[in-house]
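Student: Can we go through this one together? I'd like to start with the overall picture and then move to details.

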Amino acid sequence: MSFFTDAQEHSLQKLHQHEPGYAENLAFLKDSLEEFIARKVAPNAYRNDIEEVFPVETFHELGELGFMALPFPEAYNGLALPFTYYAAGLESLTKADAGFALGVAIHGTVSDGIQHYAHETIKAKYLQDLIFGRKIAAFGLSEITSGSDAQTMATTFRYDSATQEYILNGTKYWITNGMSADVFFVMARDEQGKVSAFVIDKAGKGVFEQHKIMDKMGVRSSNTAELVFQDYRVPSYSLVGELGNGFKYAMRMLNGGRITIAAWSTGIAQGAYEKLLKYAHERKLFGKFLRDLDNTKKELSEMTIEIAASRELYLHASYYKEDKMVAQYAAVAKVKATEAAVAICERAIQLCGGYGFVRDSKIERHLRDALLGPIGEGANEVLKIVVIPRVLYQAFEKKPLTSTW
Ligand SMILES: Cc1cc2nc3c(=O)[nH]c(=O)nc-3n(C[C@H](O)[C@H](O)[C@H](O)COP(=O)(O)OP(=O)(O)OC[C@H]3O[C@@H](n4cnc5c(N)ncnc54)[C@H](O)[C@@H]3O)c2cc1C
């Protein structure tokens, strides 16, 4: 199986074929990235899942290849390509190793946030290294007692005007890349409860500890950590944008994050689907191939439809990533793709029977990985109950439907 499907290519063709450089950009995804994934990522995914290893060297090499630089502006030596190329590449990367790809995706979200909102000193210090994967980034919003209700975070900051430093205290939890990151985008609140964001590294004064969270059911080749700050002092330029606006920046970053999780989930679904498709051409039962049973045809068709819908939605949201409608597009794509992935992985295991139930089939890993999708980057329940209706109602107020037909 190819790592880059014809369907992915056609979707990109539709959006970009008339733009200069389209053939070269597509060739990067189909040749360089595909070769890299086949050589470095796919062969190690099984072992990294078992041993809970995030392949740091592979991350650096992917950066050197230019993958993380795809959507970044030329001012930072990025390739200034539409986000769609990056998202499509992420889909392929995820098909090979969803844990590793999750680390890449979150790194991208943070790099994007730094580019948009951080102090010039921070950009000068880190952005080049982040864009080319020489440094790794992590996003620190969640805490053990505050996930969906993130504004209730307990991590605090205060300003020491004598030293012109911010002082962080608290514990972040569930932080992807938390063990291997060099740069951390961390949210904390002041005495009034207002949230600000900080970009920090490990060179501050005070306590900064990283503890690995073990035994996750899925995305085991990503590392997830608890980060502990005790009187951790960071320079004043660590503050992102304006004081008290940290939550706003985090939510905007999560729009991009949700698009990448939609692409990520589509990659998982495609992986499970392809393994089922291959097995259905090999397995014989009742004198037929599994693929020739009516139910298999129907379910493969349904999977094709769900994957196509997921892919179109994440590419649509990617295309409009800087549009004011992005919150809606990203949330819709994320919900659809994450739910489709879980359903497809579950059905792929069912249709593979006992074979699907063992590690060796490599399908069960897809289900374990897929189950993170509906939880992370805004639980789907929150997106359906809060985010999507909010945008819907705002749109209605702006442009009321005075008549319907
Ligand atoms: C492997 C992994 C990696 C992660 N990586 C990161 C990271 O890099 N950075 C980071 O900051 N966080 C990260 N997270 C945290 C993740 O974003 C949170 O787990 C998620 O936001 C849900 O928060 P919670 O786990 O506290 O669940 P809770 O907030 O306790 O929610 C539990 C459940 O309640 C339901 N629910 C929640 N709110 C509502 C509502 N308003 N209405 C109806 N139902 C609702 C949902 O079903 C939800 O799943 C990661 C988590 C995991 C498991």
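Predicted model: local features only at pLDDT ≥ 70, side-chain atom pairs only at ≥ 80, totals over all residues.

Student: What does the secondary structure come to?

Tutor: The protein has eleven helices and nine strands. These are DSSP runs numbered from the N terminus, with helices being H or I of at least four residues and strands E of at least two.

Student: And how does the radius of gyration sit against a compact globule?

Tutor: It agrees, because a compact globule of 405 residues would have a radius of gyration near 22 Å and the protein has 22 Å. That radius is taken over C-alpha atoms, and the globule rule is 2.2 Å times the number of residues to the power 0.38.

Student: How much of the protein is buried?

Tutor: Of the 405 residues, 49% count as buried. Buried means 20 or more other C-beta atoms within 10 Å of the residue's own, exposed means 12 or fewer, and partly exposed is in between, with C-beta atoms placed from the backbone.

Student: Now the ligand. Which residues come nearest?

Tutor: Leu141, Ser142, Gly147, Ser148 and Thr176, out of 22 residues around the ligand. A residue belongs there if its C-beta atom, placed from the backbone, lies within 6 Å of the molecule.

Student: Which elements give two or more residues to that shell?

Tutor: Strand S1 (137-140), strand S3 (165-176) and helix H11 (380-398). The largest share, four residues, comes from H11.

Student: Where does the ligand lie relative to the domains?

Tutor: It lies between domain 2 (138-244) and domain 3 (247-395), because both give residues to the shell. The bounds come from an automatic or database domain assignment.

Student: Switching to H9: how far does it reach?

Tutor: Helix H9 (residues 326-352) reaches 38 Å from its first C-alpha to its last, close to the 39 Å expected. The expected span is 1.5 Å times one less than the number of residues.

Student: Is H9 mostly covered or exposed, and what follows it?

Tutor: H9 is mostly covered, with 23 of its 27 residues buried. Gly353 follows H9 and has a positive phi, near 60 degrees.

Student: Is Asn177 buried or exposed?

Tutor: Asn177 counts as buried, because it has 26 C-beta neighbours inside 10 Å.

How values were computed
Residues numbered from 1 in each chain as written.
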